Amino acid sequence: MKILHLDSSILAEASASRVLSAAVVEELRILHPTAQVSVRDLAAAPIAHLDGPIAAGFRQPGANHASPEVRAEQALSETLVSQFLDSDVIVLGVPMYNFSIPSQLKAWLDRVAQPGRTFRYTENGPLGLSGEKAVIIASTRGGMYSSGPAAVMDHQEAYLKAFFGFLGIERVRFVRAERLTKGAELRSQSMRAALDEVPSVVAGLFAN
């Protein structure tokens, strides 16, 4: 098994999503001791946001007319999509920022959504090419968004499920901690509950 572990929180050691994503990876390694883990910290080593010249490399990688800087970005796109395609399980640490995902993660998503590689267009519409993979998302929120009045403002988990579904991935699971900014007691309770849930979420990923 090959695991790709991505974190996107800007809070470093203070990040709740990093704690949860690390716990998910550790649980995966308990079940699969020979698993290979690749780690990418999208906050510490941010990826440039997609632009026209970089996107052109999806269709014409390494085009001779591109500048050395653009060719380097196109090569990075190839590295990122190849790493994604080579992975069996993707573990994401994703805090909610302003009702959505960190822009650092969005930059990575834009690099791996490549026509002909992770999806393709057909006469019947788009077809995902990555369906054999699984994704576990360590989701953290300051408030309560899984239910209640604020649920309509969740453009974090809903977006990620739709994105990976577009790539053909149906096995998308969440480990969630909410109300993290509502006092120390609620934060501790939510993190404990999320950490306790990790083993069942990981085991369920591979259940028949």
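**A walk through a predicted model**

Asn98 is exposed, with a relative accessible area of 72%; here buried means under 20% relative accessible area, exposed over 50%, and partly exposed in between, with a 1.4 Å probe and protein chains only. Phi of Asn98 is near 50°, a positive value in a residue other than glycine.

Residues are numbered from 1 along each chain as its sequence is written, and side-chain values use heavy atoms, with hydrogens and water left out.

Now to the chain as a whole. The protein chain holds six helices and seven strands, and reading along the sequence gives the pattern β-α-β-α-α-β-α-β-β-β-α-β-α. For 208 residues, a compact globule would have a radius of gyration near 17 Å, and the 18 Å of the protein chain agrees with that; the radius is taken over C-alpha atoms, and the globule rule is 2.2 Å times the number of residues to the power 0.38. Along the principal axes, the C-alpha atoms fill a box of roughly 60 × 35 × 35 Å. Of the 208 residues, 44% are buried. If we take the contacts with a separation of 6 or more, 77% of them are accounted for by residues 24 or more positions apart, where contact means heavy atoms within 4.5 Å.

What lies in the largest nonpolar core? It has 26 residues, and those with the most contacts inside it are Leu92, Leu105, Trp108 and Phe164. Strand S1 (2–7), helix H3 (68–85), strand S3 (89–95), helix H4 (103–112), strand S6 (134–140), helix H5 (157–166) and strand S7 (171–177) each supply at least two residues of this core, and H4 gives the most, with five residues. By nonpolar core I mean a set of buried Ala, Val, Leu, Ile, Met, Phe, Trp, Tyr and Cys residues joined through side-chain atoms within 4.5 Å. Leaving aside neighbours within four places in sequence, Phe164 is in contact with Phe84, Leu92, Trp108, Leu109, Val135, Ile169 and Val172. There is also a second, separate core of 21 residues, which includes Ile3, Val24, Ala35 and Val91.

Why is H4 described as largely enclosed by the rest of the structure? Because eight of its 10 residues are buried. Among them are Gln104, Leu105, Asp110 and Arg111, and the buried residues of H4 pack against S1, helix H2 (52–56), H3, S3 and H5.

At 0% relative accessibility, Thr118 counts as buried. Not counting residues up to four places away in sequence, Thr118 touches Val81, Phe84, Leu85, Val112, Ala113, Gly128, Leu129, Ser130 and Leu167.

Two other loop residues deserve a mention. Ala12 is found in the loop between S1 and helix H1 (16–31), has a phi near 50°, a positive value in a residue other than glycine, and counts as partly exposed at 37% relative accessibility. Gly183, in the loop between S7 and helix H6 (184–205), is partly exposed as well, with a relative accessible area of 36%, and its C-alpha atom is 29 Å from that of His5, 178 residues apart in sequence.

Finally, which residues does Val202 touch, not counting those up to four places away in sequence? Val202, whose place is in helix H6, touches Val24, Glu27, Leu28, Leu31 and Ile136. It counts as buried, at 0% relative accessibility, and the C-alpha atoms of Val202 and Phe174, 28 residues apart along the chain, are separated by 9.8 Å. On the side of helix H1, Ala23 is found in that helix and, leaving aside its neighbours within four places in sequence, is in contact with Leu195 and Val198.

Note on methods: Predicted model: local features only at pLDDT ≥ 70, side-chain atom pairs only at ≥ 80, totals over all residues. Helix = DSSP H or I, 4+ residues; strand = E, 2+ residues; numbered from the N terminus.
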